[in-house]
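Hello,

Please find the structure below. My notes on it follow.

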Amino acid sequence: MGLSGNIDVLSSMTQLSLACIQYNQFTGLIPDLSNCTSLWRVYLNDNKLTGSIPDSLTNLTALQVLNISNNNLTGSMPKFSSNVTLFWSGNPLLEANTLSSGSEGSGGSSSSGSNGTGSSKTFVSWFSSDRIAVIVIAVIILVVVVLLIWIMCYLRRKKRKIGSVQNPGNGKEVVKNIDGLNVVISIEVLRQVTNNFSEDNILGRG
């Protein structure tokens with residue numbers, strides 16, 4: 001069933017910054033919260049609150065979100081700052097009076113021209129930071145993948161070069177170590193200088 005009773009106690013919580021008492025059975029009026037100067041989010045939705053919305057809420061300079069939807073509120077919507085996102089659908093009498101008086105908002109949300117979608121500049125700013133983080137992570141992953149592919153290609157090319165030196169020309173060349181350096185000598189050159197590998201050129205003979 002959830003919690004019940006009135007919410008007058010909120011007015012005495014002067015250090016309150018976040019009020020989340022939604023989805024309960026609270027009744028009575030919305031109290032004067034003008035002393036809660038740090039209050040920036042108020043969720044009173046889905047209760048059984050009655051009466052009008054206090055004008056004192058418009059004086060809360062830190063307020064960003066006010067959700068009073070799905071209650072039994074009456075009167076009309078006070079004029080809040082454009083920085084405040086309002087959710088007030090589900091209050092038939094409040095909606096009728098607000099729309100007939102020409103106040104901002106339609107379909108239960110105002111301050112962002114959302115036409116009842118409930119989106120707002122505040123929520124957009126939240127999601128934009130998440131999107132930036134996702135983009136940064138994606139870029140980092142892409143860079144790492146590209147770097148790994150480059151390293152793999154480089155190692156393959158290097159391995160092929162080493163293989164070609166160890167087994168040069170499929171037997172048409174030989175490798176000689178001269179003063180610590182590997183020198184590739186063509187078989188044809190050796191044939192010429194050794195008179196086609198003549199035994200007369202063997203050291204110790206002739």
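**What was found**

Trp-150 is exposed, at 52% relative accessible area, and Tyr-154 is partly exposed, at 38%. Here buried means under 20% relative accessible area, exposed over 50%, and partly exposed in between (1.4 Å probe, protein chains only).

This is a predicted model: local features need pLDDT of at least 70, side-chain atom pairs count only at pLDDT 80 or more, and totals for chains, interfaces and linings use all residues. Residues are numbered from 1 along each chain as its sequence is written, and side-chain values use heavy atoms, with hydrogens and water left out.

Trp-150 and Tyr-154 form a stacked aromatic pair, 5.7 Å centre to centre with 10° between the planes. Rings of Phe, Tyr and Trp (its six-membered ring) pair if their centres lie within 6.5 Å, and planes under 30 degrees apart count as stacked, over 60 as edge-to-face and the rest as tilted. The count by this rule is one aromatic pair. The two residues are four apart in helix H2 (residues 121-166), so about one helical turn separates them. Helices (H or I, at least four residues) and strands (E, at least two) are DSSP runs, numbered from the N terminus.

Asn-91 lies in the loop between strand S8 (85-87) and helix H1 (92-100). Asn-91 is buried, at 0% relative accessibility. Not counting residues up to four places away in sequence, Asn-91 touches Ile-68, Ser-69, Asn-70, Asn-71, Asn-72 and Leu-73, where contact means heavy atoms within 4.5 Å. A polar atom of the Asn-91 side chain lies 3.4 Å from the backbone nitrogen of Asn-72.

Regards

Technical notes
Polar contact = N/O pair within 3.5 Å; in protein donor to acceptor, adjacent residues only side chain to side chain.
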